[in-house]
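Subject: Structure for your review

Dear colleague,

Please find below the structure that I am handing over to you.

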Amino acid sequence: MNLDWLSQFTLSTPLAIRALECLFALSAGIQTSEYLRMRSAMNAHGLWSWAIQRQDIPNPLAQKFFDRLFTENAFSALLWARVLALISLGFYGANLVNVTFLFVSNLAVLIRWRGAFNGGSDFMTLVVLTGLLIAQWLTFFDAPELGWRACFWYITIQSMTSYFVSGAVKLLRPEWRNGSAMTIFLNAAIHGPLQQTHLLRKPWLATLGSWTFILWECAAPLALLDTRLALVFCCIAALFHFLVFWFFGLNRFFWAWLASFPAIVWCAGQINVLAV
Amino acid sequence: MTIYWVIAYFLVLLVALLYKTPIVRGPWLFLFRSFFPNWKFFHAVGYVPHLYARAGKLNGQGQIEWSDWLHLYPRQPQNFWNLFHNTQTNLGLAQQNLIDHFWADLNDAPDGHDPRQLVTYKMVSHFVDVKLAENFPDHSHKQFELRMLLDNPQQTTHTHVMMTTPPEVRL
């Protein structure tokens, strides 16, 4: 008897596409709703006044273009148009129009925030969006299968790289290896400092936590060996990103990386080295 | 076959991490830096820039009386529902990112360069105006400084002032 342990875990391409579209729509939707609520911080009296920031734009013609785009009304309209495009993505799926608009408008939003609003979550959002854009343009040129394959692999490689690099650079730092870095960063975090009695102030626990994260992040590429490993990896990753949100306030990281998980599971299903 | 490409990629990545490469800079590259993620999060511990500001008011003798220094560092309470909508925390994080960029700009500026020409200086100055107006509505002068704080797990172990602005009239 030949038992099939894998097929029930392998993500089909249509299901992976749908999961990717829905999770990305949710992630970018949360970001856009936050931008809409932040508009008062972006007017002339707010911290992010365009009158000052426009000096970042090196080209006078581009400066004039963005002056018009970043008036309060025009920028609000852009954000609301993004909401509509995201609803269309979530309910009806990706197409050339909604994905291209989301990509271009995302660049405009990033420029409004001097290149990045939240660092890593902006990077990952752009990675997933670029993957969707590749899929749509290759579909337009009659290569949908190649398009989605390229999309999933691009997202997976970037996502795996993010874990691997993040773990490897910590491994190279003595303050991470002895656990002190974790306590220092938690104290400096927006929800910090840690209470004097907090468990993570105990050096042995901080060291254990640091090594757990370092080893798990460095081992991330192994998740591609098997779909089951990829699923376990994604569950642990979701918990990891929740903890990052809880201690550092980075809610966008949670959603941005979650949107990359369907691609990871799909790609692991294409390899399945450990298939027996 | 795919697995060999994946293994090769991560080996190249590992080698790339060990070798330092020159940093390419440019205004457009800065604005489009999201296309070139480095994925190095929370990796290095060291001096961290903190912004301090104070408000001044002219007294009867025409001299400025200063308030205590105000530490402009974002702190927010934890809340589970912020997972879905987290405006204030994200604005606070963006504010601290701005201070980090201001520090980086000061660090990269050539000797003798007037920092007041920096966009980040103007943004920080504008931010100080807004914050001081909230805390000291009738102040006439402002001053701010960038202090570098070195922490260990228990406390701040060393502080030095990187830059102090001259007293400026409130705009």
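The notes below set out what was found, beginning with the confidence of the prediction.

Please bear in mind that this is a predicted model. For the complex, the predictor reports an ipTM of 0.92 and a pTM of 0.92. Chain B has a mean pLDDT of 90, with 99% of its residues at 70 or more. Within chain B, the lowest mean pLDDT of any element, 81, belongs to helix α1 (residues 2-18), while the highest, 96, belongs to strand β3 (residues 70-71).

Chain A

Chain A contains 13 helices and zero strands, so its pattern along the sequence is α-α-α-α-α-α-α-α-α-α-α-α-α. The C-alpha trace of chain A spans about 65 × 60 × 30 Å along its principal axes. Chain A has 276 residues, of which 45% count as buried. If one takes the contacts in chain A between residues at least 6 apart in sequence, 69% of them join residues at least 24 apart.

Several individual positions in chain A may interest you. R114(A) is placed in the loop between α5 (96-112) and α6 (120-140) of chain A, whereas D142(A) lies in the loop between α6 and α7. Is each of these residues buried or exposed? R114(A) counts as buried because it has 20 C-beta neighbours inside 10 Å, and 20 or more is the requirement. D142(A) has 8 other C-beta atoms within 10 Å and is therefore exposed, the limit being 12 or fewer.

The peptide bond from G192(A) to P193(A) is cis, with omega near -5°. P193(A) is found in the loop between α9 (180-188) and α10 (203-218) of chain A.

S33(A) belongs to helix α1 (residues 13-37) of chain A. Because S33(A) has 17 C-beta neighbours inside 10 Å, it counts as partly exposed. From S33(A) to W48(A) the separation is 15 residues in sequence and 17 Å in space, C-alpha to C-alpha.

The interface between the chains

Contacts between the two chains involve 56 residues of chain A and 52 residues of chain B. On the chain A side, the largest share, nine residues, comes from helix α7 (residues 144-171). By class, this side of chain A has 29 nonpolar, 19 polar and eight charged residues.

A helix pair in chain B

Helix α3 (residues 87-108) and helix α4 (residues 119-135) of chain B pack with their axes 9 Å apart, at an angle of about 140°. α3(B) is therefore oblique to α4(B), since only angles over 145 degrees would count as roughly antiparallel. The crossing of α3(B) and α4(B) is left-handed. On α3(B), the residues in this contact are L98(B), I99(B), H101(B), F102(B) and D105(B), and they meet T120(B), Y121(B), M123(B) and V124(B) on α4(B). Six of the residues in this contact are nonpolar, two are polar and one is charged.

Yours sincerely

Technical notes: Residues numbered from 1 in each chain as written. Chains lettered and ligands numbered in written order. Predicted model: local features only at pLDDT ≥ 70, side-chain atom pairs only at ≥ 80, totals over all residues. Contact = placed C-beta atoms within 7 Å. Helix = DSSP H or I, 4+ residues; strand = E, 2+ residues; numbered from the N terminus. Nonpolar A, V, L, I, M, F, W, Y, C, P; charged D, E, K, R; others polar. pLDDT = per-residue confidence, 0-100. Axes fitted to C-alpha atoms, helices over the stretch in contact; angles between N-to-C directions. Parallel < 35°, antiparallel > 145°, perpendicular 65-115°, else oblique. Left-handed = near helix turned anticlockwise from the far one by under 90°.
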